[in-house]
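Try each task before you read on.

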Amino acid sequence: MLKYGVLGSGIGYTLSPKIHSIVFDKLGVNASYDVIDLPTDGLPSEIKRLKDEYDGFNVTKPFKTEIIKHLDEVKCSLGAVNTVRRENGTFVGYNTDVKGFYLSLTHMTGEIKGQSILVLGAGGASEAVISALVTAGADVSVNNRTTVKAVALADKYRIKVWNGEKPTVIINATSLGLDGISNPLPNGVDTSECKYAYDLIYKPSETPFMTFCKKAGAKVSNGLGMLVYQAILADEIFLGQSLDVDGLYEEIMKIIVE
Ligand code: ATR
């Protein structure tokens, strides 16, 4: 039996076991998928056991960067790994968040090339989003509470720090969103041309950011689609085979969306 899991801290809520089980069942793969919930400082003492026991694992907060120093090879350009696979006794890191985000966003919006897209936040999640959007040819700007971090990302990806442009798409990649904020957008954002708003958060299923943008006339989505797409793409890596990504996506969404 193959053994996989998701490694993170404080992730009792995760939907990942359910999503991967659906894929494994559908493909007839004999594999388990656990929640590996460690204290935030628990990786150094647990990594050997994980490598001994697992054929591969997904990585989430707060270990996406820290995991890298424990790997033999990393096959992604970001400094964040969300998928690790054992390959001939070595451990190789990948990132499926970037493509997972792209597939989920474009599932809602269609073509994003040339769209004016405002990304809120400048942490690890924002970098995955910006990387995907830049590759797709969008006109991207970034805004963050701590400006220096926005400037650093803007320099790295040759995009703008948001300077009053009217976005057609807004992405919330901050970890803000859980409590009742009346306006989760930075001061001065004109939403009159905003057609789509996407929040990477998926719990609650409608965030204050989504409620606000919906009232402003945008079509909105939470981050569940990204979670599902990145999981299917991780299963392609784990199993070393191409999957019917869109077909599986539709099936999984039917099951997990109440
Ligand atoms: P992740 O891996 O999810 O990106 P992160 O690297 O900790 O997590 O980044 C969190 C992001 O949410 C940051 O952009 C953070 O802004 P700062 O760089 O100013 O800290 C943003 N964020 C978190 N709480 C916020 C809040 N209350 N208001 C605005 N932005 C917030």
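**Exercise 1. Find what holds the ligand's oxygens, and how much of the ligand the protein covers.**

Start with Ala125: one of its polar backbone atoms sits 2.9 Å from an oxygen atom of the ligand. Next, the ligand taken alone exposes 650 Å², and the protein buries 69% of that (Shrake-Rupley areas with a 1.4 Å probe; for residues, only the protein chains shown count as cover). Ala122 also puts a backbone N or O atom 2.9 Å from a ligand oxygen, and for Gly124 the corresponding distance is 3.1 Å.

Before going further, some ground rules. This is a predicted model, where local features need pLDDT of at least 70 and side-chain atom pairs count only at pLDDT 80 or more, while totals for chains, interfaces and linings use all residues. Residues are numbered from 1 along each chain as its sequence is written, and side-chain values use heavy atoms, with hydrogens and water left out.

**Exercise 2. Which residues come nearest to the ligand, and how does the shell split by class?**

Of the 13 residues around the ligand, the nearest are Ala125, Asn144, Arg145, Thr146 and Lys149 (a residue is near if one of its heavy atoms lies within 4 Å). Sorting the shell by class gives three nonpolar, seven polar and three charged residues. The classes: Ala, Val, Leu, Ile, Met, Phe, Trp, Tyr, Cys and Pro are nonpolar, Asp, Glu, Lys and Arg are charged, and the others, Gly among them, are polar.

**Exercise 3. Classify two aromatic pairs by their geometry.**

First, the rule: rings of Phe, Tyr and Trp (its six-membered ring) pair if their centres lie within 6.5 Å; planes under 30 degrees apart are stacked, over 60 edge-to-face, the rest tilted. Tyr4 is in strand E1 (residues 2-8) and Phe24 in helix H1 (residues 16-27), 20 residues apart (helices, H or I with at least four residues, and strands, E with at least two, are DSSP runs numbered from the N terminus). Both Tyr4 and Phe24 are buried (under 20% relative accessible area; exposed is over 50%, partly exposed in between, with a 1.4 Å probe and protein chains only).

Now Tyr229 and Tyr249: centres 4.1 Å apart and planes at 5°, so call this pair stacked. Tyr229 belongs to helix H7 (residues 224-239) and Tyr249 to helix H8 (residues 245-256), so the pair ties together parts 20 residues apart in sequence. Both Tyr229 and Tyr249 are buried.

**Exercise 4. Is Gln230 buried or exposed, and what does its side chain meet?**

Gln230 is in helix H7. With 8% relative accessible area, Gln230 is buried. Its side chain makes a polar contact with the side chain of Asn82 at 3.1 Å (N or O atoms within 3.5 Å; within protein, one must be able to donate a hydrogen and the other to accept it, and residues adjacent in sequence count only if both atoms are side-chain atoms).
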